[in-house]
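Please keep the sequence and the model in view while I speak.

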Amino acid sequence: RALGTCSRPPAVLRPWSTVARMQGSPALQASRRWNSNAAPGGCMEHYLHLKSSGEIQEDPRQEVCMNMLDDLAKHLESYSPKMARLPKAAPKVATGGSGLFGLFGSKAAAPKTKSVEAALQPAAGQRGLYLWGGTGTGKTFMMNMFYDKVKVQSKKRIHFHEWMIDVHSRLHKRQKGSSANTDSTADDLVEQVAADMMKEAWLLCFDEFQVTHISDAIIMKRIFSVLFELGAVVVATSNRPPKDLYLNGLNRPLFLPFIPVLEAFCHVHDIGAEVDYRMCSTRDEEDDRVYITPNGSDEIKLLETKFAKICQGHVRFGVQVETQGRRIVVPRCAENSDVAWFTFKDLCDKPLGAADYLAIGQAFHTIFIADIPRLTMQERDQVRRFITLIDALYESHAKVVCTAALDPISLFHVSDEERKTSVADEIFAWDRTVSRLMEMQSA
């Protein structure tokens with residue numbers, strides 16, 4: 001079989017244990033009032049079942065979110081998108097060039113775009129939900145439950161990395177297809193892609209909503225404006241509130257007009273948890289470790305032993321995973337199991353991106369990574385790739401077995417001065433990487 005194709009059925013994220021907190025808080029009192037009114041077959045009813053069976057412990061913050069999700073699901077039962085845009089007031093003017101390159105067009109186009117976005121307002125029942133909070137607050141757990149319970153057929157649940165890859169791919173295909181049409185503009189391409197996406201699903205559930213690159217920022221601003229105008233409903237989770245998206249990013253003023261649009265079309269809720277519950281997981285036996293420190297000879301030997309036990313002498317070398325026309329070389333993999341071996345340099349010293357890492361995560365259920373070094377802002381490119389790698393493998397439900405110089409928290413060293421002055425999003429995103437490394441150890 002082609003290694004670039006996942007042969008495994010999609011895994012379902014397990015809810016992780018939570019800790020009862022804030023016993024006297026208003027949030028808990030409110031959740032207790034709502035419990036008796038849990039919608040049949042809804043998120044809260046299922047949440048209470050999990051709690052009563054001992055699979056999870058009480059978390060008042062999550063209970064508040066469950067009721068909000070149930071309320072949204074109820075409103076969506078009677079909602080129908082209009083699937084049409086308002087008539088254009090005047091013919092389009094040049095926006096800095098046709099095709100995909102025009103997405104980053106001239107400054108003259110900015111006022112026009114801003115005026116269109118300023119007029120956007122949600123229709124009755126269209127306003128979605130944007131849940132944000134620190135790592136380990138249960139955002140993905142709650143998103144999965146909502147997606148399973150909401151009675152909407154035209155829906156899509158996707159990690160934001162994957163959605164952006166899809167957007168770029170569709171725009172690229174549209175650009176190639178419109179090369180003969182000199183009247184086709186960047187806005188036309190975005191509108192066509194948005195219309196195609198709306199035909200597939202109008203309820204969009206995004207996990208890990210984030211913006212890190214200027215190209216993504218510009219595309220998001222334009223495509224979401226069209227999606228919202230057509231009637232899309234967005235439910236999203238994020239580590240940041242909308243006002244902090246793409247914070248300190250290149251040319252951020254071009255992105256700022258999108259923030260009030262997102263806030264208008266989504267109720268923004270701060271989950272507010274302070275403890276990462278995934279960090280509570282430990283293993284008793286040392287031989288069961290899958291995150292092994294430090295990078296000494298004994299540790300590498302242990303990693304090799306674990307890999308050898310899986311392969312049982314049947315190893316393939318130089319297999320390739322293909323994605324978007326590119327081929328990624330896999331140094332070693334098991335013949336009879338979807339298990340691969342890489343070094344940190346194989347994955348993070350090369351110009352790989354989210355699409356490459358997602359392809360690896362879909363081809364293999366377990367990834368061995370040897371020699372993860374101590375990282376600093378001097379290795380910013382490697383840090384960024386490593387964060388993207390772990391995000392992609394986590395979303396693919398892959399397990400990571402690795403050796404590293406230090407524990408996850410200490411692996412990325414940032415000085416106090418760098419924290420105060422740096423504009424790098426990697427510093428903020430690292431907390432998520434630490435948490436996911438911990439959870440993937442028991443995936």
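I shall begin with the overall picture, then turn to helix packing, salt bridges and a few backbone details.

What we have here is a predicted model, in which local features need pLDDT of at least 70 and side-chain atom pairs count only at pLDDT 80 or more, while totals for chains, interfaces and linings use all residues. Residues are numbered from 1 along each chain as its sequence is written, and side-chain values use heavy atoms, with hydrogens and water left out.

Let us start with the overall picture. The secondary structure comprises 16 helices and 11 strands. Both are DSSP runs numbered from the N terminus: helices are H or I with at least four residues, and strands are E with at least two. The protein has 443 residues, and 52% of them count as buried. Buried means under 20% relative accessible area, exposed means over 50%, and partly exposed lies in between, with a 1.4 Å probe and protein chains only. Among contacts with a separation of 6 or more, 80% are between residues 24 or more positions apart; a contact here means heavy atoms within 4.5 Å.

I turn now to helix packing. At what angle do helix H2 and helix H5 pack? Helix H2, residues 43–52, and helix H5, residues 139–149, pack at about 125°, and their axes are 9 Å apart. Axes are lines fitted to C-alpha atoms, for helices over the stretch in contact, and angles run from 0 to 180 degrees between N-to-C directions. The angle makes H2 oblique to H5. For reference, angles under 35 degrees count as roughly parallel, over 145 as roughly antiparallel, 65 to 115 as roughly perpendicular, and the rest as oblique. On the H2 side, the contact is made by Cys43, His46, Tyr47 and Leu50, and on the H5 side by Phe141, Met145, Phe146 and Lys149. These residues divide into 6 nonpolar, 1 polar and 1 charged. In this classification, Ala, Val, Leu, Ile, Met, Phe, Trp, Tyr, Cys and Pro are nonpolar, Asp, Glu, Lys and Arg are charged, and the others, Gly among them, are polar.

H5 also packs with helix H3, residues 60–76, at an angle of about 25° and with the axes 11 Å apart. That makes H3 roughly parallel to H5. H3 contributes Gln62, Cys65, Met66, Leu69, Leu72, Ala73 and Leu76 to the contact, while H5 contributes Phe141, Met142, Met145 and Phe146. By class, this contact has 10 nonpolar residues, 1 polar residue and no charged residues.

The next topic is salt bridges. How many salt bridges does a search of the whole structure find? The search finds 14, a salt bridge being a side-chain nitrogen of Lys or Arg within 4 Å of a carboxyl oxygen of Asp or Glu. One of them joins the side chains of Arg170 and Glu200, at 2.8 Å from N to O. Arg170 lies in helix H6, residues 160–177, and Glu200 in helix H7, residues 186–200, so the pair ties together parts that are 30 residues apart in sequence. Arg170 is buried at 16% relative accessible area, whereas Glu200 is partly exposed at 42%.

Another salt bridge is formed by Glu304 and Arg332, whose closest N and O atoms are 3.2 Å apart. Glu304 is in helix H10, residues 297–311, and Arg332 is in strand E8, residues 326–334, so this pair ties together parts 28 residues apart in sequence. Glu304 is partly exposed, with 29% relative accessibility.

Strand E8 also holds Arg326, which is linked to Asp356 in helix H12, residues 354–363, over 30 residues of the chain.

I close with the backbone. Thr293 and Pro294 are joined by a cis peptide bond, with omega about -10°. Pro294 is in the loop between strand E6, residues 291–292, and H10. Gln312, in the loop between H10 and strand E7, residues 315–323, is not a glycine, yet its phi is positive, near 50°. Gln312 is exposed, at 63% relative accessible area. His397 is likewise not a glycine and has a positive phi of about 60°. His397 sits in the loop between helix H13, residues 380–395, and strand E11, residues 399–404, and is partly exposed at 25% relative accessibility.
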